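Hi everyone, and thanks for coming. Please stop me whenever a word is new.

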Amino acid sequence: MRVGLDYRPALQNREGIGRYARELVRGFIELGFDGDLGLFGYTAAAMRFSREELGIAGTRAELLRLRLPSRVLPWLLARLGKGVDDLVGGADVYHHTQPNMLSVRRATEVATIFDCIYMIPDSGYLDPAVAERMTAAAKEQVRRAKRILVPSQYVGAEVVMALGAHPARVAVTELGCDHIARALPPEGFGPAKEPYVRTVARVDPRKNHLRMLQAFELLVKEGLPHRWIVAGPRGHEWQEFARALELSPARSRVQWSVDAPEEDLPRLYAQADCFLFASLNEGFGLPPLEAMACGTPVVSSCVTSLPEVCGDAAFLVEPTEHERIFEATRRVLMEPEIAAELRTRGIAQSRKFTWRECAKHTLLAYRKALEPEPEEPKLRHVF
């Protein structure tokens, strides 16, 4: 079985999809599945990672790298009558790791859908035009792909109910977090110079920074000495948080790093007294698991995929009530027995999620996609 894979996000994107593409391929290599792996990437910009950093140097995985603007290749493939599977030397399966699907000529198609957030009407999470484009792209993925990979059962249910995918075509391939554990030194990092609470998330309405800021203001009012260190790029309507932060009575105790160096993340996770992630909607939720892997107690949301991913290893709260976020965080910071229990449970929970397992289940989905199947019955929505 030869596999072609859209490796574009791995070359540029430091966040979720880029991490997924890089670490999935590392998992394939760990399983010995690199001799039949064709990686395709094209961006006009230079690669942000070397082959050594990507983990493909010295392996049999083949990377075809084209320096072309994103709008050029679809036109070029159509003009030549070729598919992206032809460019990787032919493939039995071609895996689309992002919504922008390229044309495929012969290979069986597999696609990953990370969430359906763009289909929530009037959520304010995305620009309406962007949401419309993403919805159209997701529907195209469901129409073309023989197998739809999702990171959680929660997203699997959304793909069936919102996008109309047949359940038999949906496979859960949970993400891993062992990449962060690899970066931890055996001797640890030692204590921080001053105590802090940590959040890692793109700043947009979905990630709920405004309510987390309100909760932190109550912590400061309560007399706790902690700072709040936020790492995350600017997202949709980030200005709202920036304005609230400027007017906040706790603004001198908040540090927002828009482009935090990736190599600093393990230390900043590990030295935090608490990791706060009160997101309103997640397809998976990797940062809480990363924090758990670093031995940091986690306060997270009780909605969408987060209870599924965090299990009983996080203090789960209702994210629409900043008082509940405050109370949970205060208890973790002031009650050592709760923090210690969450650390122990968190380390155990994080070890359940590895990229090797993600790669193994992904390979099983590829093989399943190649099997002949009877015509699936059409789903009916009853209202």
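Let's begin with helix α9. Its buried residues pack against β8 (196-200), β9 (227-231), α10 (239-247), β10 (254-257), β11 (274-277) and α14 (322-334). The names come from DSSP runs numbered from the N terminus: helices are H or I runs of at least four residues, and strands are E runs of at least two. Packing here means contact, with heavy atoms within 4.5 Å. Buried means under 20% relative accessible area, exposed means over 50%, and partly exposed is in between, for a 1.4 Å probe and protein chains only.

Please keep in mind that this is a predicted model: local features need pLDDT of at least 70, side-chain atom pairs count only at pLDDT 80 or more, and totals for chains, interfaces and linings use all residues. Residues are numbered from 1 along each chain as its sequence is written, and side-chain values use heavy atoms, with hydrogens and water left out.

Back to our helix. α9 runs over residues 209-222, which makes 14 residues, and spans 20 Å from its first C-alpha to its last, close to the expected 20 Å. That expected span is 1.5 Å times one less than the number of residues.

Which residues of α9 are buried? They are His209, Met212, Leu213, Ala215, Phe216 and Leu219. These residues cover an arc of only 165° around the axis, so they sit on the same side of α9. The arc is taken from the directions that lead from the helix axis to the C-beta atoms. In general, an α-helix has 3.6 residues a turn, so residues three or four places apart point the same way.

Now have a look at some backbone angles. Just after α9, glycine 223 takes a positive phi of about 100°. In the loop between β8 and α9 you will find asparagine 208. Its phi is near 75°, positive even though asparagine 208 is not a glycine. Is asparagine 208 buried or exposed? It is buried, with a relative accessible area of 3%. Glutamate 237, in the loop between β9 and α10, also has a positive phi, about 55°, without being a glycine. Glutamate 237 is partly exposed, at a relative accessible area of 41%. As a rule, most residues other than glycine have a negative phi.

Next, the sheet beside our helix. It is an open sheet of six strands in the order β10-β9-β8-β11-β12-β13, with parallel pairing. Two strands pair if DSSP finds at least two bridges between them. The edge strands, β10 and β13 (315-317), each pair on one side only. Five bridges join β8 to β9, and threonine 199 has valine 230 in β9 as its bridge partner. α9 lies across β8, β9, β10 and β11, and runs at about 165° to β9. Helix α12 (residues 286-293) packs on the sheet too, touching β8, β11 and β12 (298-301), with its direction at about 175° to that of β11. For such angles, axes are lines fitted to C-alpha atoms, for helices over the stretch in contact, and the angles run from 0 to 180 degrees between N-to-C directions.

There is another open sheet, with seven strands in the order β3-β2-β1-β4-β5-β6-β7, again with parallel pairing. β3 (62-66) and β7 (170-172) have a single partner strand each, so one side of each is left without a neighbour in the sheet. From one strand to the next, the twist averages 20°.

Let's stop at strand β2 (residues 37-42), where six of six residues are buried. Leu37, Leu39 and Gly41 are on one side, with Gly38, Phe40 and Tyr42 on the other. β2 runs parallel to β1 (residues 3-6), with four bridges, and valine 3 is partnered with leucine 37. β2 also pairs with β3 over five bridges, where leucine 39 stands opposite leucine 63.

Leucine 39 takes us to the last topic, the nonpolar cores. The largest has 55 residues, and Tyr7, Phe28 and Leu39 have the most contacts inside it. A core is a set of buried Ala, Val, Leu, Ile, Met, Phe, Trp, Tyr and Cys residues joined through side-chain atoms within 4.5 Å. Helix α16 (residues 355-370) gives the largest share, seven residues. A second, separate core of 27 residues includes Leu224, Cys274, Leu276 and Phe326.
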